[in-house]
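Subject: A structure for you to look at

Hello,

Here is the structure I promised to pass on. Please open it before you read further, and keep it beside you as you go.

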Amino acid sequence: MVARLVIAAPSSGAGKTTVATGLMAAFAGRGLAVSPHKVGPDYIDPGYHALATGRPGRNLDAYMCGTGLIAPLFEHGARGCDLAVVEGVMGLYDGAADQGELASTAQVAKLLKAPVVLVVDASSQSRSVAALVHGFASWDPEVRIGGVILNKVATDRHEHLLREALGESGVPVLGVLRRAPAVATPSRHLGLVPVAERQAAAVAAVAAQAEQVRQGCDLEALLALARSAPRLSAEPWVAEVGERLHAGGSGVPTRSAPAERMPTPVVAVAGGAAFTFSYAEHAELLTAAGAEVVTFDPLRDEVLPEGTRGLVIGGGFPEMYGGELSANEPLRKAVAELAAAGAPIAAECAGLLYLARSLDGRPMCGVLDADARMSERLTLGYRDAVAVNDSVLAPAGARMRGHEFHRTVIEPGAGALAAWGLRQPERRVEGFVQGGVHASYVHTHWAGSPEAAARFVEHCA
């Protein structure tokens, strides 16, 4: 059984990431094996979690993967660990729009039977903190709030007032943190700046967060609370793809030969500072489907990995590195040649921009007859997607759930053969299916649709 805590807050901006990362690093510094997790589709926070623990940061997304996979995915990531720390998303009870509690931190805490520690920004309140905590603790009796960490506390007098008020709430204070500039992490248009872009500074920030938590939190009480979580009955998730499915001539899925009968294709996965958005389970599923996964950096590498038969280009920040990506002309040509040869290419968001003809006026790979640019408008939200055309990821008619998160625009928004038909917030088609290319703004989590990884590797082989 893995001891576990969920770190939540009344709203975004209260300091969840700072506290969760600091706790992870502080407990890891004590010699505990700490498993880091993040509720929702966020790619950036898990990078800081990985830095704090030395283990892959993993996401628990009940919308994209389904509620039934939350406990198995948690058990998979936490296998062999002493403690798991799960950072929440937004406010404790905030989830997918118009979907009730779905994908909220509260729902994940209930699925994991985990106690919740509420991080409260106390900078502009004193006695009112008790009413706030009481409201959150009593809203859903199935959510167990086991303690509070008060963040951004100004003075000893301020701390005294807060503790006195909370003494009547029945919820213990497990930590008090003062304002500390050293623990801050810079943000920009899509949230925190990823670890890969500020490695040395990120290491220093995580160390400062760990020290702040050590000084201000009752680690023994927090560990005892984590160990009070009951045993989960779920079996750990396993990266198994089963029998691959592909669309036959009638459009009806038919079964193909098992992976062990196919050659082992090399699947190149984009990484480096420009392409930091990926889920650990994707590489695990590609490997389980029979691929050899090799990472490359489009900012530095001028050739694709030797023997590349397929290419996965996930999300990230190509808009921040447009000049360098454009200047790497040898790799841009190599990607274009691979696409022209019909090789499978799965591109999401940043990958879509990289395959475009241009990004903010700079030449990109030119695989797609489309141009991309930065925009002031934020596009954000879960998506219920239906494959409009057969592709290397899905047969026409297949449904997948995903997430959009970007401040860019591509014109046109869809090719002659679109990738997805989206049902909300408005009905539209988007993305491109072109030869072996599937390119879209929609991020997907293949743990919820493992047949996508299997189909992709089958096309590679």
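First, how to read it. This is a predicted model, in which local features need pLDDT of at least 70 and side-chain atom pairs count only at pLDDT 80 or more, while totals for chains, interfaces and linings use all residues. Residues are numbered from 1 along each chain as its sequence is written, and side-chain values use heavy atoms, with hydrogens and water left out.

Let's start with the packing. A nonpolar core here is a set of buried Ala, Val, Leu, Ile, Met, Phe, Trp, Tyr and Cys residues joined through side-chain atoms within 4.5 Å; buried means under 20% relative accessible area, exposed over 50%, with partly exposed in between (1.4 Å probe, protein chains only). The largest core has 115 residues, and L112 and L286 have the most contacts inside it. Helix 1 (residues 16-29) gives the largest share of this core, seven residues. (Helices are DSSP runs of H or I with at least four residues, strands are runs of E with at least two, and both are numbered from the N terminus.) A second, separate core has 39 residues, including L304, I313, V367 and V437.

On a 1 Å grid over the protein atoms alone, a cavity is a set of points where a 1.4 Å probe fits but cannot get out; a pocket is an open set with protein on both sides within 12 Å along at least five of seven lines; and lining residues have an atom within 4 Å of a point. Grid points are joined across faces, edges and corners, and a volume is the space filled by probe spheres set on the points.

The second largest pocket holds about 400 Å³ of space. It is lined by 24 residues, with V269, A270, F277, S278 and Y279 closest to its centre.

There are two cavities of 30 Å³ or more. The largest cavity holds about 50 Å³, and ten residues line it, with G316, E319, C349, L353 and H406 nearest its centre. Strand 19 gives the most to that lining, three residues.

Enjoy exploring!
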